[in-house]
Amino acid sequence: MKELNTLYWLKHEKARIETQIKELTFLSAVSMNGMPSGNKVSSPVERFNERLEQLIEKLQRKCAEIVSETERIEEYIENIEDAEIRVIARMRFIENKTFQEIG
């Protein structure tokens, strides 16, 4: 059962990364004007862009992991003999519905 819930947590991680990207994009648009500041090697804009690129790469890896995990869980669910249980399992573990929503 714990392995079937892995997808739920992967989707949560993905959502957190997306939130970080949105926050960083907003902050860079609001607070950075592109002007050099002090004697630093890189500008704040460069640091924002570098961090944004890191987050985008992390998001892409997480999306690939979600696709892989979804395929693995789908394969497991397809091997369940009872059609009703398959539907319930798919709704619970792929669609992340609560038992109340399923009922």
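**Salt bridges, cores and aromatic contacts**

Glutamate 74 is partly exposed, at 23% relative accessibility; on this scale, buried residues fall under 20% relative accessible area, exposed residues over 50% and partly exposed residues in between, with a 1.4 Å probe and protein chains only. The model is predicted, so that local features require pLDDT of at least 70 and side-chain atom pairs pLDDT 80 or more, whereas totals for chains, interfaces and linings use all residues. Residues are numbered from 1 along each chain as its sequence is written, and side-chain values use heavy atoms, without hydrogens and water.

The protein contains 4 helices and 0 strands, these being DSSP runs numbered from the N terminus (helices H or I, at least four residues; strands E, at least two). The order along the sequence is α-α-α-α. Buried residues account for 22% of the 103 residues. Of the contacts (heavy atoms within 4.5 Å) between residues at least 6 apart in sequence, 62% join residues at least 24 apart. The accessible surface, from the Shrake-Rupley method with a 1.4 Å probe, comes to about 7900 Å², with 54% belonging to carbon and sulfur atoms.

In total, 7 salt bridges were found in the structure, each defined by a side-chain nitrogen of Lys or Arg within 4 Å of a carboxyl oxygen of Asp or Glu. Glutamate 74 is paired with arginine 90, with the closest N and O atoms 3.0 Å apart. This pair links distant parts of the chain, since glutamate 74 belongs to helix α2 and arginine 90 to helix α3 (residues 83–93), 16 residues apart. A further salt bridge joins arginine 72 to glutamate 69, whose closest N and O atoms are 2.5 Å apart. These two residues are separated by about one helical turn because they lie 3 residues apart in helix α2 (residues 44–78). Arginine 72 is partly exposed at 37% relative accessibility, whereas glutamate 69 is buried at 11%. Lysine 97 and glutamate 95 also form a salt bridge, with an N to O distance of 3.7 Å. Lysine 97 is partly exposed at 30%, as is glutamate 95 at 42%.

A nonpolar core is a set of buried Ala, Val, Leu, Ile, Met, Phe, Trp, Tyr and Cys residues joined through side-chain atoms within 4.5 Å. The largest comprises 9 residues, namely Leu4, Leu7, Leu10, Ile66, Ile73, Ile77, Ala89, Phe93 and Ile94. At least two residues of this core come from each of α1 (6–31), α2 and α3, with α2 giving the most, 3 residues. Another core, of 6 residues, lies apart from it and includes Ile17, Ile21, Phe48 and Leu59. Isoleucine 94 touches Leu7, Lys11, Thr70, Ile73, Glu74, Ile77 and Ala89, residues up to four places away in sequence being left out.

The structure holds 1 aromatic pair. Tyrosine 8 and tryptophan 9 form this edge-to-face pair, at 4.8 Å centre to centre and 85 degrees between the planes; rings of Phe, Tyr and Trp (its six-membered ring) pair with centres within 6.5 Å, and planes under 30 degrees apart count as stacked, over 60 as edge-to-face and the rest as tilted. Tyrosine 8 is partly exposed at 32% relative accessible area, while tryptophan 9 is exposed at 54%. Arginine 92 lies over the face of phenylalanine 99, 4.3 Å from the ring centre, the criterion being NZ of Lys or CZ of Arg within 6 Å of the ring centre and within 35 degrees of the ring normal.
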